[in-house]
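Visitor: Please take me to a single spot on this chain for a close look. Then lead on from there, step by step.

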Amino acid sequence: MKCRKCKAPAEVPLPSHNTAFCRDCFAAYFTGQVEKAIRRHGLIRPGERVLVALSGGKDSLSLMLELSRLGCDVTGLHVDLGIPASSPPARAKVEGFCAAHGLKLIVVELAKHGLPIPDVKRYINRPVCSACGKIKRHWFNRVALEGGFQVLATGHNLDDEVARLFANTLRWDAGYLSDQGPCLEAESGFARKIKPLYRLTEFETACYAFINGIEIHSAPCPYSSGASFTGHKELWATLEYTSPGTKIAFYDGFLKRGRPAFAQAEMESGAPLAPCERCGSPTSTGVCGVCRLGIAVAERRAADPDRQ
């Protein structure tokens, strides 16, 4: 195939767009998609400080590099989960990447706050992925607010967003459907959250990371086996293969016609929020979910004869 723009030999095929690019034109396409997302949804405004959540994977590191190249004032945030087989190499990739590109980085170690994920898995009777996600979101928001950042950016790509939308729709989870989208405005103790990669697929972010020589942490979390999220992604990959363009059409359709209705319903029926009695984070229950997890883990760890 020939590159759509310059007619040189193509290196990156994009069936969903019925096109292909050489690596230089693909880089321009990638930048254009990020700029389009920022412009269309007002994701980042002039002079704002952006905190970028960095896991060490291709999406978050690609987002950090692209935003820095666009001239945004970015700082990385890595949450060290304390998983022996996984966390040290992931952290090393993040630290190496930020050092190589001269980018600022903040690291939060969950072990120092009493919530390393192995202990959460051991002592809490709930799916560990759900608890881990709650804890990470808590620290993303907390660091953003305490650090004076106006924006919290995550590297969710189109595949992530479609799989999440699909799962929430299967459950008709109105609360989650009301706030899903590329931008969630700041309110009630929450920083503004943005997803500048929402127009780009996982394959496209992988190509960007490869072309730019980004060294990523690619090993799966040892606790994520059997997660339904992976199955949903596989289902949508098959659908996209047979009907290219289905993912973005489904997601854009939801943003235009579905989200406004769910957002209005949530506004009318959502529970009021107040600061957590322990940490100050917004909650509707007096003590937030992460603080309750911390209390439960501490109590069960203290009572565990194997930890004495």
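Guide: Tryptophan 172 counts as exposed, because its relative accessibility is 60%. The model is predicted, so local features need pLDDT of at least 70 and side-chain atom pairs pLDDT 80 or more, while totals for chains, interfaces and linings use all residues. Residues are numbered from 1 along each chain as its sequence is written, and side-chain values use heavy atoms, without hydrogens or water.

Tryptophan 172 sits in the loop between helix H6 (158-171) and helix H7 (174-179). Helices (H or I, at least four residues) and strands (E, at least two) are DSSP runs, numbered from the N terminus. The phi of tryptophan 172 is positive, near 50°, in a residue other than glycine.

Serine 188 also has a positive phi near 50°, and it is not a glycine either. Its place is the loop between strand S7 (183-184) and strand S8 (192-194). With a relative accessible area of 48%, serine 188 is partly exposed.

Contact means heavy atoms within 4.5 Å. Asparagine 141 belongs to helix H5 (residues 128-146). Its relative accessible area is 5%, which makes it buried.

Now turn to helix H2 (58-69). Ten of its twelve residues are buried, so H2 is largely enclosed by the rest of the structure. Among them are Leu61, Leu63, Met64, Leu65 and Leu67. Lys58, Asp59 and Glu66 are buried as well. At 1.5 Å a residue, H2 should span 16 Å, and its end C-alpha atoms are 16 Å apart, which agrees. The expected span is 1.5 Å times one less than the number of residues. Just after H2, glycine 71 has a positive phi of about 90°.

Helix H3 packs against H2: its buried residues meet H2, strand S4 (73-80) and strand S5 (104-109). Those buried residues are Ser87, Ala90, Arg91, Val94, Phe97 and Cys98. They cover an arc of only 130° around the axis, which puts them on the same side of H3. The arc is that of the directions from the helix axis to the C-beta atoms. On the other side of H3, Ala99 and Ala100 are exposed. The 15 residues of H3 (residues 87-101) should span 21 Å, and the end C-alpha atoms are 21 Å apart, in agreement. Glycine 102 follows H3, with a positive phi near 65°.

Glycine 42 and alanine 90 are 48 residues apart in sequence and 31 Å apart in space, C-alpha to C-alpha. Glycine 42 lies in the loop between helix H1 (23-41) and strand S3 (49-53). Its relative accessibility of 25% makes glycine 42 partly exposed.

Definitions and conventions:
Buried means under 20% relative accessible area, exposed over 50%, partly exposed in between (1.4 Å probe, protein chains only).
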